[in-house]
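This report describes selected features of one model, beginning with a pocket and continuing with strands and a helix.

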Amino acid sequence: MFLSVFDIFKIGIGPSSSHTMGPMTAAVAFLDRVSNGDNDAFDPQEVSRIIASLHGSLAFTGKGHATDRAVMLGLLGFRPDAVDADLAEQRLADLHQSARLAVAKCGEVAFDPDKDLVFDYGPALPLHANGMKLTALDTAGEPLLSETYYSIGGGFIMTEAELIASEKGPDSDLHEEQEAVGYPYPFGSAAEMLQMGKASDLTIAEMKRANEESVIGADALTMRLDAIWKVMDNCIERGLTQEGILPGGLSVKRRARAIHQRLLDQSGSNSRQPHSVNDWLSVYAMAVNEENAAGGQVVTSPTNGAAGVVPAVIRYYRDHCIDCTREGIDTFLLTAAAIGGLIKHNASISGAECGCQAEVGSASAMAAAGLCAALGGSNEQVENAAEIALEHHLGMTCDPVRGLVQVPCIERNGMGAIKAVSAASLALHGDGAHFMPLDNCIETMRQTGQDMRDKYKETSLGGLAVNLPEC
């Protein structure tokens, strides 16, 4: 299955790809179907009211992740990659006042945020921990259209029918449609990726580039990669200049600006310790994740909760590594996306499915692979770097305090970035030969996540989330 670099790296808003971006995207998709009468199944003018319910992890940590706000913004027509913050706040205030939505081809439709958006804390829906239902009703209260959406991580959504089809395997219509599309290098595992690289004498980034260019062309690819890095870099810069308390009620103070200033003050001085490069990696990552926690614009990498790792390591490559190039950043992004696509295809990038090993662990593997490639590593060394980074995140739970992507999530991104650089360095000191293949490590993560108790997977019912300091 082919996953584009722009599926893995999506521009959106914080604080969560699965709990904010996914539900917003689902609401927009549902609104489109309502406006079109679900392919003429009903007259859009018949729609009188819309109701929504959040289930499983979307309910348990929805308040902390602003899931309710995301659904409302989606129903107001806002998309994650194009949110005007000031306009969004005004439209939300108007909605709370009027309890009415202006829906294309339907006119005004009732939607009372206090009554029509329900947090269902009962059992999760059967197919995935992140489920939500949206229903359009007529004046008699009868459903005209009802759809169940699942937010499966990284901002990806599937309808109930799509998720069922994807789980049927090679005989499903969905699988056949994906396989029917011809890409030059359609690797579905790390082993296939290495085999294709050896047969073609191409790097992983070159194969990924060929796949992307077969769809959108070379110029568009270059332009969009530039846009992704620009948003990442701008996010770091914003995070390094902001201060104050993060929203959500935990009273977590932004630290990136103060740490960054201390690092600048120490630059070139005799008091600087050799391990200060780790501090630079951490502050870059923390800057991104503080912005994410504040609801700012970020790039899923591969998720919002892990959005700081890849940008931090790219910034480290650009500002601290010898002989870095602009082309090296593209190589980094393409290689990282290839690894992220393999992990998503064969396991998960969702904390609700597999814990934080699937988020920060995946991000660290992607960043390790990207840095190794940008520094001239062979395909075998790149695969080794990804495996080392992922291996040493196995078993990590997802336990955000009060459902906020703040504690321990912000610091975990810094640690993930440090592990990524260490993994890339270790791999570059070898010849690519190693004991544990990346494919086996990805499968281990999948099995570990499957066996992990639900309370340790983004519900805030276990782990650090319930071991709070005494007030």
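## Second largest pocket

The second largest pocket holds about 490 Å³ of space. A pocket is an open set of points on a 1 Å grid over the protein atoms alone, with protein on both sides within 12 Å along at least five of seven lines; lining residues have an atom within 4 Å of a point. The model is predicted: local features need pLDDT of at least 70 and side-chain atom pairs pLDDT 80 or more, whereas totals for chains, interfaces and linings use all residues. Residues are numbered from 1 along each chain, and side-chain values use heavy atoms, without hydrogens or water.

The lining comprises 29 residues, with G14, R69, A294, G295 and G296 nearest the centre. It divides into 15 nonpolar, eight polar and six charged residues. Helix α5 (67-75) gives the most, three residues.

Helices (H or I, at least four residues) and strands (E, at least two) are DSSP runs. Strand β7 (residues 143-153) has eight of its eleven residues buried, meaning under 20% relative accessible area with a 1.4 Å probe, protein chains only.

Seven bridges join β7 to β6 (residues 130-137) in antiparallel fashion, and A136 has L145 as its bridge partner. Four bridges join β7 to β8 (residues 156-159), also antiparallel; there G153 stands opposite F156. In the two-residue turn between β7 and β8, G154 has a positive phi of about 70°.

## Helix α19

Helix α19 (residues 379-391) reaches 18 Å from its first C-alpha to its last. Eleven of its 13 residues are buried, including V382, I388 and L390.

Terms used. Expected span 1.5 Å × (residues − 1). Buried < 20%, exposed > 50% of the residue type's maximum accessible area, 1.4 Å probe, protein only. 1 Å grid on protein atoms, 1.4 Å probe; cavity = no way out; pocket = protein on both sides within 12 Å on 5 of 7 lines; lining within 4 Å. Points joined across faces, edges and corners; volume = space filled by probe spheres on them. Nonpolar A, V, L, I, M, F, W, Y, C, P; charged D, E, K, R; others polar. Pairing = 2+ DSSP bridges.
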